[in-house]
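Please look over the sequence and the structure first.

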Amino acid sequence: FRSPIGPRVLIGFFSSSTGAGSRMVDFFVHTLGMNLHSAQDLAGVLRKCVHFAFYGTVGFTAYKTAKRGGVTGATVLYGLAFVLMHSSFDEYRQSGYKDRTGSAWAVCLDMAGAACFVLIAHLAAKGGKPAPEAVKS
């Protein structure tokens with residue numbers, strides 16, 4: 001995702017009817033022989049994991065890009081804001097398809113993924129040490 005176009009193309013593809021979960025459910029039922037209820041549950045869990053990891057990666061990439069670009073003091077905010085913008089657009093776009101729904105909960109899940117990935121990257125960049133103002137004497 002070195003280019004800001006990469007996440008946008010993926011979001012556009014998976015926000016459309018093409019990215020609906022019914023294809024995954026069909027695969028589990030017809031290929032793996034799962035019953036419909038189990039297939040729907042598994043597809044739901046996998047899709048949420050993908051959301052978490054995908055937007056975590058987008059946030060991490062935005063954070064690293066800001067850091068390499070010389071942004072000082074706002075790199076965490078930049079990573080989180082970048083994800084909020086894209087995740088909100090993703091859910092808004094999904095609400096326009098008859099077989100998709102947009103959800104504020106999905107945005108919260110996406111932001112949780114971004115927060116985890118960005119904060120881990122930020123702590124790793126600091127060597128795991130708290131900021132000097134957080135240390136009490």
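The structure is a predicted model, in which local features need pLDDT of at least 70 and side-chain atom pairs count only at pLDDT 80 or more, whereas totals for chains, interfaces and linings use all residues. Residues are numbered from 1 along each chain as its sequence is written, and side-chain values use heavy atoms, with hydrogens and water left out.

**Nonpolar core**

- The largest nonpolar core has seven residues: F54, Y55, V58, A62, F82, V83 and A114. Such a core is a set of buried Ala, Val, Leu, Ile, Met, Phe, Trp, Tyr and Cys residues joined through side-chain atoms within 4.5 Å.
- At least two residues of this core come from each of α3 (36-68) and α4 (75-94); α3 gives the largest share, four residues. Helices are DSSP runs (H or I, at least four residues), numbered from the N terminus.
- In soluble globular proteins, nonpolar side chains tend to be buried together.

**Helices α2 and α3**

- The axes of α2 (residues 22-30) and α3 come within 9 Å and cross at roughly 135 degrees. Axes are lines fitted to C-alpha atoms, for helices over the stretch in contact, and angles run from 0 to 180 degrees between N-to-C directions.
- The two helices α2 and α3 are therefore oblique to each other, a term for angles that are not under 35 degrees (roughly parallel), over 145 (roughly antiparallel) or 65 to 115 (roughly perpendicular).
- From α2, residues M24, V25, F28 and V29 are in contact with L36, A39, Q40, L42, A43, L46 and R47 of α3, where contact means heavy atoms within 4.5 Å.
- The residues of this contact between α2 and α3 comprise nine nonpolar, one polar and one charged. Ala, Val, Leu, Ile, Met, Phe, Trp, Tyr, Cys and Pro count as nonpolar, Asp, Glu, Lys and Arg as charged, and the others, Gly among them, as polar.

**Helices α3 and α5**

- With axes 7 Å apart, α3 and α5 pack at an angle of about 40 degrees, which makes α3 oblique to α5.
- Residues of α3 in this contact include H51, F52 and Y63, and those of α5 include L109, F117 and H122.
- By class, the contact of α3 with α5 holds 13 nonpolar, six polar and three charged residues.

**Loop residue T101**

- T101 lies in the loop between α4 and α5 (104-125).
- With a relative accessible area of 61%, T101 is exposed (exposed means over 50%, buried under 20% and partly exposed in between, with a 1.4 Å probe and protein chains only).
- Beyond its neighbours within four places in sequence, T101 is in contact with E91, Q94 and S95.
- T101 and E91 are 10 residues apart along the chain, and their C-alpha atoms are separated by 7.4 Å.
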